[in-house]
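This report covers the charged side chains of one protein and how they pair. The overall layout follows at the end.

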Amino acid sequence: MTSFREFAQACKVIEETSGSLDMTALVADLFDSVTPDELPVVTHFVMGEIFPAWSYEEVGVGAGILFSALAKAAGISVKDIEELVRDTGDIGKTAVLALNKKSKGQATFSSFLEEKHELSILEVFERFRDISKVSGKGSQASKIKNLQYLFNSASSEEVGYISLLAIEELRIGVGEGLVRDAIAKAFDVPSEDVERGFMLTNDMGLVATTAKEGGADAVRGLGLKLNRPIKLMLAQITPSVESALSDMEEAAIEWKFDGARVQIHKDGDNVILYSRRLEDITHSLPDIVESVRKFVHADTAILDGEAVAIDGNGRPRAFQDILKRFRRKHDVSSTAKEIPLTLNLFDIMYLNGENLIEESLVKRRELLLSCVENDTTIHVDAQVVTNDLEEVDRIYTEALKGGHEGIMIKNPNSPYSPGKRGKNWLKKKPVMETLDLLVIGAEWGYGRRTSLMGSYALACHDNQTGRFLPVGKVATGFSDEQLTELTEMFSELIVMESGKEIELKPEVVFEVAFEEIQKSSNYESGYALRFPRLVNIRDDKSVEDVETIERIGEMYRLQRERS
Ligand code: AMP
């Protein structure tokens, strides 16, 4: 049994050490010195967490509860505690000072005990677990009582660490990378295996215990488990579609949806949803749970996708709206009606007991298509495998037109690499460099947009001649409502019309995002914008503020140097 005092002493030494190799050695010694049942707890504690990040358990202690518990344990007021926090700027130090005052001034709870007992690491953990379990009426008082018990039993070396752990603010400079290396060192397991184990289980405590008990072989045997989220595969930004395509023989192109990531675990009718941060968000999204139950035909599955909130025009709503859904704890069903979500599935990592992460994207997608029945609320996203640049550009333009972020360019032969931001998933979205340009003309739209001005001609300024030189047209970045408003506004500025073409009085400035500036003989400026998109109507800017042809030329040269 290891005492919490020994753990606190080890933390102090680690905290005061600067080199990461020395720190790793100290953490490895600590891991090596504790018993198997203490190891997962210590692994989480050194990283400042009490339960693994993915766990639904949380201590639920904020500064308010902590200060009340400290005040009670020290026999002073909460105000005194707040003053100490202001003076020291540090909660750990505050706890030590507050409880030192007590030991000088008054008899303590622990001094009445016949034998002053030493807190063990597991005892502290169990108290935190008790605290995490209380809910409802009286929970605050119960949390305070439990903390007070810990403070009354602790020595001054320990109270600071207990306080910081309680509010999950213990930061002694030990992160995932250092813990990975310490586990590798302590139990003689290659660091890559520890890393892989962590990516699959998302639980360093479990990896440490597995390494201690079964060495490298056992760590390599760690795999996916239903209802325990795995780290998500991530995407790297690509400077251009061309360079992305040149790295892959053929690429799988998908829209990059403007929504929020969801990892889905289906175990029969039991469905659990995790957010991008792998927090359990099941209760906030009952509509998605229902769709998965109904339309994913698999006994067990782990799926990856993006939830999108669509407006009346089929365009994605603001990200804040999605967050409203993800964070909702009460009135969930009314928010679900107000902000319906559509789930776009793009990957599958596990199906009917089979781990699929080593399979190629092509194979995984085949299996994904085989088990998902498309519906309005849930579907497998469209994917095109190609190496044709024009086709990719077309999909990119469509995605932007649809109000989404851009495209994903994926290697069809690649495995699912949890937690990796590698070259197998590339994302292409417009660089958020913007130009303020003058609107000099417009064009009447097509189809349902015939009575709307659907595209706007943009110009920069030539200081030498005083003229405005066209640099392209913008036709994306606005909703139908915005187009209606813009059409109304620009109707007053029409100078002349010829067919669909409209010449406008040059008065309005658009802030436009784009992917790159190209040389072009189509426009008088000699330049054109690739994938221009309206970001803002700059009411605050006037004709004098628009970009000059010199600046655009300079940006073009800079861009060439960078690529
Ligand atoms: P970013 O957030 O810019 O790093 O881009 C990666 C994110 O794009 C992922 O975490 C997903 O949430 C999101 N995303 C949208 N559509 C897709 C897709 N088709 N494939 C993978 N990720 C996607």
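In this predicted model, Arg 220 is partly exposed, because its relative accessible area of 41% falls between the 20% limit for buried and the 50% limit for exposed residues. The side chain of Arg 220 forms a salt bridge with that of Asp 193, at 2.8 Å from N to O. This pair links distant parts of the chain: Arg 220 belongs to helix 12 (residues 204–220) and Asp 193 to helix 11 (residues 191–201), 27 residues apart. Asp 193 counts as buried, because its relative accessibility is 13%, and buried means under 20%.

Two further salt bridges connect strands. Glu 254 and Lys 410 meet through their side chains at 2.8 Å, N to O.

The side chains of Asp 304 and Arg 261 meet at 2.6 Å, N to O. Since Asp 304 lies in strand 5 (residues 300–309) and Arg 261 in strand 3 (residues 260–267), the pair ties together parts that are 43 residues apart in sequence. Asp 304 is buried, as is Arg 261.

| Salt bridge | Distance, N to O |
|---|---|
| Arg 220 – Asp 193 | 2.8 Å |
| Glu 254 – Lys 410 | 2.8 Å |
| Asp 304 – Arg 261 | 2.6 Å |

In total, the structure holds 32 salt bridges.

Which residues gather in a patch of negative charge on the surface? They are Asp 80, Glu 82, Glu 83 and Asp 87. Asp 87 is part of helix 5 (residues 78–88). Asp 87 counts as exposed, because its relative accessibility is 65% and the exposed class begins over 50%.

The overall layout is as follows. The protein has 20 helices and 20 strands. It is divided into domain 1 (49–166), domain 2 (234–428) and domain 3 (434–562). Between the C-alpha centres of domain 1 and domain 3 the distance is 61 Å. Along the principal axes, the C-alpha atoms fill a box of roughly 100 × 55 × 50 Å. The protein has 563 residues, of which 52% count as buried.

Terms used
Residues numbered from 1 in each chain as written. Predicted model: local features only at pLDDT ≥ 70, side-chain atom pairs only at ≥ 80, totals over all residues. Heavy atoms only, no water. Patch = residues over 30% accessible without salt bridge, like charges linked within 9 Å, V, L, I, M, F, W, Y side chains within 5 Å. Areas by Shrake-Rupley, 256 points an atom, 1.4 Å probe, with all protein chains shown as cover. Salt bridge = Lys/Arg side-chain N within 4 Å of Asp/Glu carboxyl O. Lys, Arg positive; Asp, Glu negative; His and termini not counted. Charge placed at Lys NZ, Arg CZ, Asp CG, Glu CD. Helix = DSSP H or I, 4+ residues; strand = E, 2+ residues; numbered from the N terminus. Buried < 20%, exposed > 50% of the residue type's maximum accessible area, 1.4 Å probe, protein only. Domains from an automatic or database assignment.
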